[in-house]
Amino acid sequence: MKVYIKYFVKDIIPVTKIEKGDWIDLRAAEDVKMKAGDWGYIRLGVGMILPEGYEAHVAPRSSTFKNYGILVSNSFGIIDNSFCGEEDEWRLPVYAARDTEIHKNDRICQFRILEKQPDFELETVEHLRNVSRGGFGSTGIK
């Protein structure tokens, strides 16, 4: 199985898999200055052709908020394998919680490739057959 990568920006450090890790780092493809409360897209400088039947999940690195004060504005991103056109550059939608500067080649997020959800049908029923666990989550909220 191969993933084909196009680089949209010169002098960006290439995407590489690491031996000890299931996620692959992505880097900012530009210098970005944001004020607290700003929202925008940060270019990641890459586009990819993913294998048929797979998608990429993009999420912040564990140190992203501590280092840059940015939050991924939709929790995480999903890039399906149809997003692979000549101009389909990956970007990270972020919200700045504080004034920040991000520099080109800073590692700001990570991705992994997963199989897409299988085909299935939805059917409405009157009852679920499992015994109730007593509410939502560990607190039992009803």
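1. Let's start with I79, which is found in strand β8 (residues 77-80). Strands here (E, at least two residues) and helices (H or I, at least four residues) are DSSP runs, numbered from the N terminus. Before going on, keep in mind that this is a predicted model, where local features need pLDDT of at least 70, side-chain atom pairs count only at pLDDT 80 or more, and totals for chains, interfaces and linings use all residues. Residues are numbered from 1 along each chain as its sequence is written, and side-chain values use heavy atoms, with hydrogens and water left out.

2. Is I79 buried or exposed? I79 counts as buried, because its relative accessibility is 11%; buried means under 20% relative accessible area, exposed means over 50%, and partly exposed is in between (1.4 Å probe, protein chains only). Leaving aside residues up to four places away in sequence, I79 touches L50, E55, A56, V58 and W90. Contact here means heavy atoms within 4.5 Å. I79 and F111 are 32 residues apart in sequence, and their C-alpha atoms are 9.8 Å apart in space.

3. Now the sheet that β8 belongs to. Four strands make an open sheet in the order β2-β11-β6-β8, and the pairing is antiparallel. The edge strands are β2 (24-27) and β8, each of which pairs on one side only. On average, neighbouring strands of this sheet are turned by 30° against each other, direction ignored. For that angle, axes are lines fitted to C-alpha atoms (for helices over the stretch in contact), and angles run from 0 to 180 degrees between N-to-C directions.

4. Two strands count as paired if DSSP finds at least two bridges between them. V58 has G77 as its bridge partner in β8, and V58 is also among the residues that I79 touches. As background, strands of a sheet pair through backbone hydrogen bonds, either parallel or antiparallel.

5. There is also an open sheet of 3 strands, in the order β4-β9-β7, again with antiparallel pairing. β4 and β7 are its edge strands, each pairing on one side only. From one strand to the next, the twist averages 45°.

6. Which residues sit across from each other in this sheet? Strand β4 (residues 39-43) pairs with strand β9 (residues 91-96) over 5 bridges, in the antiparallel sense. Y41 has P93 as its bridge partner in β9, while I42 has L92.

7. W39, Y41, F65, L71 and Y95 make a nonpolar surface patch of about 540 Å². Patches are made of residues with over 30% relative accessible area and no salt bridge, where like charges are joined within 9 Å and nonpolar side chains (Val, Leu, Ile, Met, Phe, Trp, Tyr) within 5 Å. The areas come from the Shrake-Rupley method with a 1.4 Å probe, and for residues only the protein chains shown count as cover. F65 lies in helix α1 (residues 64-68) and is partly exposed, at 41% relative accessible area.

8. How many salt bridges does a search of the whole structure find? It finds 5, a salt bridge being a side-chain nitrogen of Lys or Arg within 4 Å of a carboxyl oxygen of Asp or Glu. One of them joins the side chains of E86 and K6, at 2.6 Å from N to O. This pair links distant parts of the chain, 80 residues apart: E86 is in the loop between β8 and β9, and K6 is in strand β1 (residues 4-7). E86 counts as exposed at 59% relative accessibility, whereas K6 is partly exposed at 31%.

9. R107 forms a salt bridge with D25, with the closest N and O atoms 2.8 Å apart. R107 lies in strand β11 (residues 107-115) and D25 in strand β2, so the pair ties together parts that are 82 residues apart in sequence. R107 is partly exposed, at 35% relative accessible area, and D25 is partly exposed too, at 21%.

10. Finally, E89 and R91 meet through their side chains in a salt bridge of 3.8 Å, N to O. E89 counts as buried at 7% relative accessibility, whereas R91 is partly exposed at 42%. Salt bridges that share partners also join D25, R61 and R107 into one network.
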